[in-house]
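This report describes selected features of one protein chain. The sequence and the structure come first, and the notes follow.

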Amino acid sequence: MSQQTPKEAKLSKSEQAYQYLRRRIINLELKSGERIVISQVAKQLSISEIPVREALNRLESEGFVTAHRNSGFQVVSSSLAETAEKLEVLATLEMLAARKAAKGIEPEDVEAIQAIVNNMAKLVRSKDYLAYFHELKRFYLAMYKHSGNAALYRQLESLYYETGVLDVIYAMAPNWCESSLRKNTAIWKSVRERKPDLAAKQVYELKSKAYALVSEQIKHDLSIF
């Protein structure tokens, strides 16, 4: 069972529940379609059910969970086709995020993000491609945190979760993994050198190719799921 972090314990009860549940969803500890039992979460956090319900209502508004009349809340689930379509939305939002991050990044921000990029390269060299794509999302969120737009950041975070199942498709294409690393390294170079237009262009090109790859794979080989 995932434990509450010390940082979460210092928050209001509603915020505690929100951060705890969101973290478990993003880390895939709560699976797509899984039912969330309010009484169990309240017991895990040693709080009443009211703040848990408040947290779930907030998560529903952000697209992480859905509410059902008879079964309560469930982690959101989508068909593969619907999930793939969200990549088109991501392409547009990430263009904006990359452009804004390139304008907002500061020298003191570079070292921590570069460490993530270095680890991404290590994972590709070791052919741990699924772990690479999980680390890639961490890279994006670390970079886009500097966009200066909290609403944009939350939307991206939600979409990364919702499209996480597609990492399996990417991981089955070694050439794509190596290409992804090269292109994302180039994107990072543009962001840290504060070249917003180039960063946005590179992001859009990469995401468009990712959408094409996933769409083709889903069309011809759904059996991998």
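## Sheet and crossing helix

In this predicted model, helix H4 lies across strands S1, S2 and S3, and runs at about 115 degrees to S2. H4 spans residues 49–61.

The sheet under discussion is open and is formed by 3 strands in the order S1-S3-S2, with antiparallel pairing. Its edge strands are S1 (35–36) and S2 (65–68), each of which pairs on one side only. Between S2 and S3 (residues 72–75), which run antiparallel, there are 4 bridges. His68 is placed opposite Gly72, a residue of S3.

Helix H3 covers residues 38–45, and the loop between H3 and H4 contains Ser48. Is Ser48 buried, partly exposed or exposed? Ser48 counts as partly exposed because its relative accessibility is 40%, and that class lies between the cut-offs of under 20% for buried and over 50% for exposed.

Ser48 and Ser14 are 34 residues apart along the chain, and their C-alpha atoms are separated by 9.6 Å.

## Helix H7

H7 is made up of 16 residues, 129–144. From the first C-alpha to the last, H7 reaches 22 Å, close to the 22 Å expected at 1.5 Å a residue.

Which residues of H7 are buried? The buried residues are Tyr129, Tyr132, Phe133, Glu135, Leu136, Lys137, Phe139, Tyr140, Leu141, Met143 and Tyr144. In an α-helix, residues three or four places apart point the same way, because there are 3.6 residues a turn.

Methods. Residues are numbered from 1 along each chain as its sequence is written. This is a predicted model: local features need pLDDT of at least 70, side-chain atom pairs count only at pLDDT 80 or more; totals for chains, interfaces and linings use all residues. Side-chain values use heavy atoms; hydrogens and water are left out. Helices (H or I, at least four residues) and strands (E, at least two) are DSSP runs, numbered from the N terminus. The expected span of a helix is 1.5 Å times one less than its number of residues. Buried means under 20% relative accessible area, exposed over 50%, partly exposed in between (1.4 Å probe, protein chains only). Two strands pair if DSSP finds at least two bridges between them. Contact means heavy atoms within 4.5 Å. Axes are lines fitted to C-alpha atoms, for helices over the stretch in contact, and angles run from 0 to 180 degrees between N-to-C directions.
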